[in-house]
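Hello,

Here is the structure I promised to pass on to you. Please open it alongside this email, and then read on for what turned up in it.

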Amino acid sequence: MDKLKENQAAYYPGCALLTIDRAYNNSSKLVSKKMGIELVEIPDYNCCGIGEMKSKGAASMYMPLRNMMLAKNRLGSKNLVMACSVCYHEFSRSIARVKENQNELSAVNEIFKEAGEFNEEYIPDGEARHILEFLYNEKGVEEVKKNVVKPLKGLKVAPYYGCLYSRPSMYTFTDKKPKMDNSERPRFMHEFLEALGAETVFYGNEVQCCGGRNVVQDEETSFTLCSQTISKAKKAGADVIALICPKCAGALDVNQPKIVEKFGKDSELPIVYLTQLMALAFGFSKKEAEFSDMISEPLKVLNEKGF
Amino acid sequence: MAIEKHDKENSGGGRPVAEKGEHIVARHLIEDDNIKEEKNLVIDGVDVSGRWNTFIISRVNSEFDRSFFEEIKKTVAGSRINRCWQCGMCTASCTVTPLYRRFNPRAFIYMMQLGNLKELKKYIDVAWRCVGCYKCSQRCPKQVNPAEMMEALALVIKKYFPEEVKTKLKLDEEVKKIYEDMIIGHGRLDLAKLHTYAIQKSGRTKELLGKIERDAIFKMVKDGRAFSVLRLGKPHNWSSSKEAMENYLRKLNTIENTEAGV
């Protein structure tokens with residue numbers, strides 16, 4: 001595989017984005033390309049562990065770090081961009097931990113040695129980057145404004161960051177590094193949406209949890225948390241909720257029919273990904289942004305508003 | 001599991017009858033037998049009947065098991081347990097506590113510090129309700145990382161109460177097992193399979209044929225996403241990584257290696 005060129009970045013898709021959340025994957029690539037960065041998927045990626053491996057010691061860190069090694073070895077890139085917040089959390093957690101703790105680093109390297117896939121040891125010199133933070137810092141709001149051809153005038157959007165994009169600071173370095181977002185009141189998505197011409201609403205649940213992690217074991221908790229978020233956004237007058245995490249989509253979008261069945265029409269609101277809205281404003285068609293993939297039917301609202 | 005209701009109903013319109021020790025904050029932490037209420041109490045000639053007549057009999061726990069503390073400290077998830085100074089910020093910011101009053105991260109960490117298994121046993125049914133939102137870890141003034149401490153708690157419960165895990169936490173345990181088998185075994189996660197397995201395990205197979213599920217499946221077949229799941233495959237050369245990880249887990253000399261015992 002060729003090494004990366006200047007306007008390319010190594011990209012980790014993750015399992016959800018390659019299958020049921022392909023809308024997020026494709027729109028992320030479209031938007032990045034339009035803004036001047038091509039996302040190149042790393043070959044042979046493996047699952048990050050999605051938080052279910054944390055009780056497995058160094059094995060939970062090996063899984064994301066193997067992908068960092070792939071990026072370095074095959075694509076020659078120290079950093080890795082990803083769109084999924086859970087993957088982002090797992091990567092940043094592993095990197096922060098092995099940086100801090102020599103024992104854990106050597107335990108991870110032991111596994112690397114035994115697997116024998118790479119000839120070198122892992123050195124924690126790269127960073128995991130969330131696509132929102134990546135685009136904001138590398139290209140900036142001005143670049144977004146420049147690319148807008150179809151402003152989303154009159155669309156009220158409730159930005160939903162979820163948990164793991166900004167928390168915890170000890171892993172993601174929010175508040176700690178100047179270029180990073182604020183941990184309790186993130187603003188990058190707000191700025192992007194406003195640059196697109198859309199209106200953001202304040203509804204108070206921007207960084208609340210959707211219970212996505214327990215969505216299979218403990219539906220009821222997840223449904224309760226989701227219905228709180230959706231109904232608050234609806235009350236604040238939002239037309240759609242914008243997401244940056246496929247796990248939030250699993251809870252808020254895929255399960256929405258069940259939530260509505262349980263909590264009533266107050267909990268019904270179309271869900272879209274931030275990058276889908278960006279793609280729409282950048283002049284791509286609704287079909288290219290794959291709005292029809294969302295279960296909560298955002299197409300209705302978008303058609304009504306005339307986009 | 002049903003979400004607990006904490007507001008007591010006002011019956012009959014008049015003043016509600018006070019329950020035993022009702023006005024104690026965190027009442028659920030105290031057992032009924034340990035609350036003493038006197039009808040008419042006079043101390044040093046002062047009548048203290050009414051609200052002030054409630055006493056809590058102090059608990060004495062002298063059987064500290066420090067080996068237990070060391071055991072948790074050795075794990076990766078629970079390595080910072082010694083830093084906790086019990087300020088309660090984790091419980092105050094918890095997402096789950098408002099839904100399940102008995103879910104109390106601060107108390108769980110305290111019980112783990114003391115090695116108080118007897119007390120921990122009472123909370124097995126709520127102990128795994130953590131949603132992993134990391135608000136606690138974000139706000140913890142000592143960087144204890146309570147979110148991951150809950151993972152250590154799960155390990156403790158798995159090791160010391162395998163019977164209860166089998167009865168009360170059957171679904172959680174099985175879903176976790178599906179996740180682990182899939183992630184370690186195949187290197188990638190098949191979400192469709194996971195979802196179907198989990199619904200089957202929870203004995204709600206009928207729901208799979210319900211309208212909502214059917215609509216979702218139909219939609220995914222129609223737009224082709226159902227087939228992308230089939231194409232997901234395995235990373236090249238994954239078997240060497242799998243073996244290395246399994247070897248590591250086998251050699252682990254801590255509480256983390258309790259899988260074989262259950």
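Predicted model: local features only at pLDDT ≥ 70, side-chain atom pairs only at ≥ 80, totals over all residues.

Let me start with chain A. Its assignment gives two stretches, domain 1 (8–130) and domain 2 (140–305). Their C-alpha centres lie 24 Å apart. Where they meet, domain 1 of chain A puts in 23 residues and domain 2 of chain A puts in 26 residues. On the domain 1 side, the elements that give two or more residues are α1 (15–18), α2 (22–34) and α4 (85–100) of chain A. Of these, α2(A) provides the largest share, with 9 residues. By type, that side of domain 1 of chain A holds 11 nonpolar, 8 polar and 4 charged residues.

Chain B is assigned domain 1 (27–56), domain 2 (66–168) and domain 3 (170–261). Between the C-alpha centres of domain 1 and domain 3 of chain B there are 53 Å.

Now for how the chains meet: 56 residues of chain B are in contact with 54 residues of chain A. The elements of chain B that give two or more residues to this side are α6 (135–139), α7, α9 (170–186), α10 (191–201), α12 (211–222), α13 (225–230) and α14 (238–251). Here α14(B) has the largest share, 8 residues. Sorted by type, the chain B side comprises 30 nonpolar, 14 polar and 12 charged residues.

Leaving aside residues up to four places away in sequence, Ile241(A) touches Ala158(A), Tyr160(A), Ile230(A), Ala233(A), Leu252(A), Leu269(A) and Ile271(A). As background, nonpolar side chains tend to be buried together in soluble globular proteins.

Finally, a look at Val144(A), which sits in helix α7 (residues 140–147) of chain A. Is Val144(A) buried or exposed? Val144(A) counts as buried because 23 other C-beta atoms lie within 10 Å, and the cut-off for buried is 20 or more. Beyond residues up to four places away in sequence, Val144(A) touches Phe192(A), Ala195(A) and Leu196(A). Asn46(A) is 98 residues from Val144(A) in sequence and 32 Å from Val144(A) in space, C-alpha to C-alpha.

Best wishes

Conventions: Residues numbered from 1 in each chain as written. Chains lettered and ligands numbered in written order. Domains from an automatic or database assignment. Contact = placed C-beta atoms within 7 Å. Helix = DSSP H or I, 4+ residues; strand = E, 2+ residues; numbered from the N terminus. Nonpolar A, V, L, I, M, F, W, Y, C, P; charged D, E, K, R; others polar. Buried ≥ 20, exposed ≤ 12 C-beta atoms within 10 Å, placed from the backbone.
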